Amino acid sequence: MAIGSFFIRASRVLNSSNFLLLCTLRFDERISSFAEQKFMRDGIEVQTGCRVLSVKDKDITVKVKSTGELCSVPHGLVVWSTGISTLPVVRDFMQEIGQAKRHVLATDEWLRVKECEDVYAIGDCSSITQRKIMDDITAIFEAADKNKSGALTIEDFQEVMDDIVLRYPQVEHYLKQKHVRDFTTLWKDLQGKECKEIDIESFKLALSHADSQVKSLPATAQVAAQQGAYLARCFNRRDHVEEHPEGPRRFRKSGRHKFLPFRYRHLGQFAPLGGEQAAAELPGDWVSMGHSTQWLWYSVYASKQVSWRTRVLVVSDWTRRFIFGRDSSRV
C-alpha cells in the first residue's frame, strides 16, 4: 500500500492564484502512480512526503520528511481534506470516562465503549481495540488441553480453532499473509517434520507474530454503515441470545459471548480524479482506473442512496452537469 501525506499545487486552476490541496491517501501503489501521472498531465504539481506545520493568510509552512527542510509555499486557496478534530460532545464524554488522552473513543470488538455499560460507539468517533491473542494464549492452551497433559494434538486444537478465528481475526489474517491454508503447520518442527504434540512454549512461538496483523479500521462511511447494521442486528436479537449465545467461547471464563464480534468486510474504495476519471481498489486485488471506472463509481454511488427520490435527484444533477457544465458560481 502507498501510504503518505502530500499536497497538490495547481496554479492554473484559479487564474493567477495558487490552489493548494492538502490530503492524505491510502491506496494501492498502482492507483497512486496513475493519479500522479494524471495530475502531471493536468499541470498539477504533486509533492509527497511533506508535513504541514502551519497555514497562514498568504503562505503555508511545510516540512519535508526526508530532509527535515522547512519550505514556505504561497497560496490563494487552501482545501483541507485530512480529517477533522473530535466533536466537543465526544471529547467531553471521553474526559468523563478516563479516555481524555485518546483521539477517539476506544471500544471492544462488540462496539461497546470500554469501561461503560450499555454504551456503544460507531463511525469515526471511535476505534475498535482488538484484543491480542498473546494476552490469552495460556488460557487458550489450557482450554484446548482437556486432559491436562501439558501438550496439544491437532485434534485438541481443532476443537477451539473456530472460536479462535472468531475472537482473534488477526490469526486468520496472519495465516493468509504467510500463505498458510490451515493450522497444521503449527505442528511442524524447525526441520518441517510434523509433530504429534506441541507444548505451550511451541504454541506461543507459533502464534507470537499473529498480533502484528491488528490494524485500525479506516474512518469511512463504509465502516460506519456496516457497524450500524451490526448493532441493529444485535439489538433485535438480545432476547434470543440470552438463551442461545452465538458468539465464540470465553477462554478466561466459562460460557460463550452472546454475540459474534463485529467483523468488517472491505468492499473496495473509489477515488474520483477529475476529468471524468476515477480509480478503484476492489476485493481480490483488483484495481481499475480511467473513464470506465468513473461510470462504475456513478453506479455504486447511486445504488447506495437511501431512496429512489434521492437517486433520481442525484442522477438528474449529474445529467444537468453533463449538458450545461458545473455551476462554479455556487462553489
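Predicted model: local features only at pLDDT ≥ 70, side-chain atom pairs only at ≥ 80, totals over all residues.
Reader: How many residues does helix α1 have, and what span does α1 reach from its first C-alpha to its last?

Author: A helix can be read by setting its span against the expected one. Helix α1, residues 29–41, has 13 residues and reaches 18 Å from first to last C-alpha, which is close to the 18 Å expected at 1.5 Å a residue.

Reader: Which residues of α1 are buried, and which are exposed?

Author: Here one looks at where each residue lies around the helix axis. In α1 the buried residues are Ile31, Phe34, Ala35, Lys38 and Phe39; because they cover an arc of only 130 degrees around the axis, they fall on the same side of the helix. Glu29, Met40 and Arg41, on the other side of α1, are exposed. Just after the helix comes Gly43, with a positive phi of about 80 degrees.

Reader: Where is Thr153 placed, and why does Thr153 count as buried?

Author: A loop residue is judged by its accessibility as any other would be. Thr153 belongs to the loop between α3 (137–144) and α4 (154–167), and it counts as buried because its relative accessibility is 17%, where the cut-off is under 20%. Its side chain makes a polar contact of 3.1 Å with the side chain of Asp156.

Reader: How many aromatic pairs does the structure hold, and why is the pair of Phe141 and Phe203 tilted?

Author: The structure holds 13 aromatic pairs. In that of Phe141 and Phe203 the centres are 5.7 Å apart and the planes stand at 55 degrees, so the pair is tilted. This pair links distant parts of the chain, with Phe141 in helix α3 and Phe203 in helix α6 (residues 200–207), 62 residues apart, and both residues are buried.

For Tyr230 and Phe262, the centres lie 5.5 Å apart with the planes at 70 degrees, and the pair is therefore edge-to-face. Since Tyr230 is in helix α7 (residues 221–236) and Phe262 in the loop between α8 (238–243) and β10 (269–274), the pair ties together parts that are 32 residues apart in sequence; both Tyr230 and Phe262 are buried.

Conventions:
Residues numbered from 1 in each chain as written. Heavy atoms only, no water. Helix = DSSP H or I, 4+ residues; strand = E, 2+ residues; numbered from the N terminus. Expected span 1.5 Å × (residues − 1). Buried < 20%, exposed > 50% of the residue type's maximum accessible area, 1.4 Å probe, protein only. Arc of directions from axis to C-beta. Polar contact = N/O pair within 3.5 Å; in protein donor to acceptor, adjacent residues only side chain to side chain. Phe/Tyr/Trp six-rings, centres within 6.5 Å; stacked < 30°, edge-to-face > 60°.
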